[in-house]
Amino acid sequence: MRVGVLTGGGDCPGLNAVIRAVVRTGAAEAGYEFIGFRDGWRGPLEGDTIPLDVQAVRGILPRGGTILGSSRTNPLAESAAEGGRSGIERIKDNLASLGVDALIAIGGEDTLGVANHLHEAGTHVVGVPKTIDNDLSATDYTFGFDTAVNIAMEAIDRLHTTAESHHRALIVEVMGRSAGWIALHAGVAGGANVILIPEQPFDIEQVCAWVEHRFQTKYAAIVVASEGAHPKASDESTSDQRLDAFGHVRLGGVGQMLADEIERRTGKEARAAVLGHIQRGGTPTAFDRVLATRFGVHAIRAVEAGKFGTMVALRGTDIISVPLGEATSVLKVVPPERYAEAEIFFG
Ligand code: F6P
């Protein structure tokens with residue numbers, strides 16, 4: 001049995017831990033052979049591979065990124081140009097000529113959406129959920145999220161002390177395209193004075209009122225904003241309008257926009273700090289290493305059991321299998337009651 005492995009979409013801490021667990025478990029329990037595909041769906045689309053065996057995964061558990069590389073290549077957007085074959089057909093042909101019996105796709109909503117199309121086209125696929133955004137509804141947590149939250153929390157802790165020294169408002173922009181989980185968790189853990197998320201469009205006057213209230217007692221304020229947060233008056237997040245292959249705009253800029261408005265309206269000096277890809281880099285936390293390892297072990301067990309067209313998922317403390325279609329259909333957003341809990345501490 002030969003199993004292909006790929007990592008697609010934005011990278012996140014814990015990808016290497018999954019790859020290691022897949023290879024080690026498959027080799028030990030079933031004597032499987034492995035083949036790595038480079039750069040997400042580009043690998044199987046172009047037949048670009050990398051050797052993958054137990055030796056290749058030694059020492060990678062604590063390393064961030066992915067030894068396989070990643071990309072946002074979208075085979076569904078590939079026209080049937082080359083010899084009249086669609087992206088899905090080209091992948092199927094390449095898997096067949098490489099002797100790949102099953103494919104493990106590690107990715108978020110977009111990568112797993114393609115995996116589901118391949119499954120419907122008859123390929124043996126198992127998915128592993130990954131995203132720092134933690135916005136896949138079929139799993140309680142994705143690995144990478146805990147690391148991103150801890151990095152953002154540490155940044156907030158540091159920003160508190162410099163904000164207090166200079167009596168400034170500091171706005172921290174964190175990742176989170178459509179779901180505000182990173183902002184919510186990092187903001188609560190870091191004692192932010194205001195948390196702004198995409199699910200709860202903000203009123204800039206209310207934000208300024210919270211900032212001013214904070215200045216009355218502490219002479220400084222910390223605002224944490226998801227990159228996808230936007231004012232009530234507009235449905236649009238701040239972006240530069242460039243699209244990726246899955247049609248997502250490149251977000252960013254809400255932190256500076258908030259700093260400008262807060263300074264103009266309150267007269268308090270305000271600065272923005274954008275954490276950006278720092279949240280996705282470096283070594284995973286213990287929680288993410290354990291979750292990623294368990295996902296890898298169970299992904300191979302799903303292959304062994306012939307549970308194709310499924311994704312491994314965390315439910316409570318158990319790892320279960322859910323249909324890929326279910327895994328990619330609904331985005332998990334922050335419910336209003338969770339935001340209301342955080343709001344108690346605003347101002
Ligand atoms: O999907 C995860 C994510 O980190 C989002 O939070 C963010 O909007 C996006 O990726 C950034 O993507 P890129 O690395 O392509 O700029």
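Which residues of α7 are buried?

Reply: The model is predicted, so local features need pLDDT of at least 70 and side-chain atom pairs count only at pLDDT 80 or more, whereas totals for chains, interfaces and linings use all residues. Residues are numbered from 1 along each chain as its sequence is written, and side-chain values use heavy atoms, with hydrogens and water left out.

The buried residues of α7 are Ile204, Val207, Cys208, Trp210, Val211, Arg214 and Phe215; buried means under 20% relative accessible area and exposed over 50%, with partly exposed in between (1.4 Å probe, protein chains only). Seen down the axis of α7, these buried residues fall within an arc of 160°, so they line one face of the helix; the arc is that of the directions from the helix axis to the C-beta atoms. On the other side of α7, Glu205, Gln216 and Thr217 are exposed.

The buried residues of α7 pack against β6, β7, β8, α8 (254–266) and α11 (336–343), where contact means heavy atoms within 4.5 Å. Helices (H or I, at least four residues) and strands (E, at least two) are DSSP runs, numbered from the N terminus.

Three of these partners belong to an open sheet of 4 strands in the order β7-β8-β6-β11, with parallel pairing; two strands pair if DSSP finds at least two bridges between them. The edge strands, β7 (194–196) and β11 (270–274), each pair on one side only.

As for the ends of α7 (residues 204–218), Asp203 caps the N-terminal one, with a side-chain oxygen 3.0 Å from the backbone nitrogen of Glu205. After α7 comes Tyr219, whose phi is positive, near 60°.

Methods: Axes fitted to C-alpha atoms, helices over the stretch in contact; angles between N-to-C directions. Polar contact = N/O pair within 3.5 Å; in protein donor to acceptor, adjacent residues only side chain to side chain.
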